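I am opening a notebook on this structure.

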Amino acid sequence: PGPPAPLPAHAPRRNMPREQPSGATGLVRRAPSPRRGLGAALVGGLCLCLGPGALRRAVGGRAFTAPALEIFSDTACPYAYLADAKFRRACETIGKAHAGFEPRWNSVAFRPYLLSPELEGAAPTPKIAHLEAKHGKPFNEMGSMIQLKERGLEFGLHYRFDPSDLASGTLDSHRVLRYVDTQGGPQAAFAYRRHLMKAFNEEGKALSDWSLLLEAVERVGADRDVAAAVLEGGAYALDVKWLDREARKEGIDVSPHYRFHTPTGVHSVAGSDEEDWHYLDAIYRSFPEQPQWGNWAEAADQARTAAEALSTLGERRQEGEGGGDVGAAEEVADAAVKAYRERFLR
């Protein structure tokens, strides 16, 4: 489709990122400038994660090794906001169960999944009207949105759906996310992404607003001037569109979708129904051997038991089976969660 649009001639050149540590691993990676497009994003560490063999072909022998994490989502996805809170709670839980442990990923890749491409280039539209047009029914008949507000409160999130709330395209937010990750690494990218999701879901702001994006950049310690140059020059636009298409080709059909690359293969946690216990199980799978904690294997088994019991409970509820079947599944799930808490969180 041609090269990415160049930066404007007046784009600032100071403080351009050169070398950055690749997240918690401490390995040094070459951080691409916003002008270097898709190839630079691959080399700079935002791996496509199509498997070690595919990545070797893409970057000339550099393997993408477990434990690693890919997150497919849109910055305006309300379920991705909840999933982020569940993932963070899982990280906190495992840190409490095994004092001193912190997940250290070899790579974290933030993969765009554009939910409303029809809004790109258009003025922001009322969020509720957009949801009604997308789902073909009045907002007050969307039970999933009411449930979402209730679930959010369990994780300290305050969803709102006011008549004044706006929806917009999110391409620009993903372009800036790619820049933030190259300069500040995964922690800055997580924080930037979370700031935007809160602005959209709790404050009703449109994520096409450049001033909002640049405010988020400043909050996470990235360079506002360089981010402005990214926006003005159209940098990363082709990357984001291509990665969005590739995600769909790979079979990703829902936002959010967390793909954990573990020593034994790929494990996914996707959709709106997964609990923080599913993320906890995925983290244990990603780090299967931790000899410094003698109870690691036992805790991992119990976390998996809890996750599987919660999956069964979710299936029973969706099937609409008799109350006794759902009630029995609830008892099993509650017992599994309680067993983990009593054994490892005291």
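By cavity I mean a set of grid points where a 1.4 Å probe fits but cannot get out. The model I am reading is a predicted one.

Entry on cavities. I looked up the search of the whole structure and noted 2 cavities of 30 Å³ or more. The largest cavity holds about 80 Å³ of space. Which residues line the largest cavity? I listed Ile71, Ser73, Asp74, Thr75, Phe110, Arg111, Pro112, His174, Leu177, Arg178 and Arg193. Strand 3, strand 4 and helix 6 are the elements that each give two or more residues to this lining. Helix 6 gives the most, with 4 residues. By class I noted 4 nonpolar, 3 polar and 4 charged residues in the lining of the largest cavity.

The second largest cavity has about 30 Å³ of space. Its lining includes Tyr79, Leu82, Lys86 and Glu274. Helix 3 (residues 78-97) supplies the largest share of that lining, 4 residues.

I then turned to the open sheet, where 4 strands run in the order 4-3-7-8 with mixed pairing. Strand 4 (107-112) and strand 8 (265-270) each have a single partner strand, so one side of each is left without a neighbour in the sheet. From one strand to the next the twist averages 15°. Strand 3 (residues 68-73) pairs with strand 4 in the parallel sense over 6 bridges, and Phe72 stands opposite Arg111 in strand 4.

Entry on the helices. I found helix 6 (residues 171-203) packed on the sheet, touching strand 3, strand 4 and strand 7 (257-262). Helix 9 (residues 237-249) lies across strand 3 and strand 4, at about 90° to strand 4.

Notes:
Residues are numbered from 1 along each chain as its sequence is written. This is a predicted model: local features need pLDDT of at least 70, side-chain atom pairs count only at pLDDT 80 or more; totals for chains, interfaces and linings use all residues. Side-chain values use heavy atoms; hydrogens and water are left out. Two strands pair if DSSP finds at least two bridges between them. Axes are lines fitted to C-alpha atoms, for helices over the stretch in contact, and angles run from 0 to 180 degrees between N-to-C directions. Contact means heavy atoms within 4.5 Å. On a 1 Å grid over the protein atoms alone, a cavity is a set of points where a 1.4 Å probe fits but cannot get out, and a pocket is an open set with protein on both sides within 12 Å along at least five of seven lines; lining residues have an atom within 4 Å of a point. Grid points are joined across faces, edges and corners, and a volume is the space filled by probe spheres set on the points. Ala, Val, Leu, Ile, Met, Phe, Trp, Tyr, Cys and Pro count as nonpolar, Asp, Glu, Lys and Arg as charged, and the others, Gly among them, as polar.
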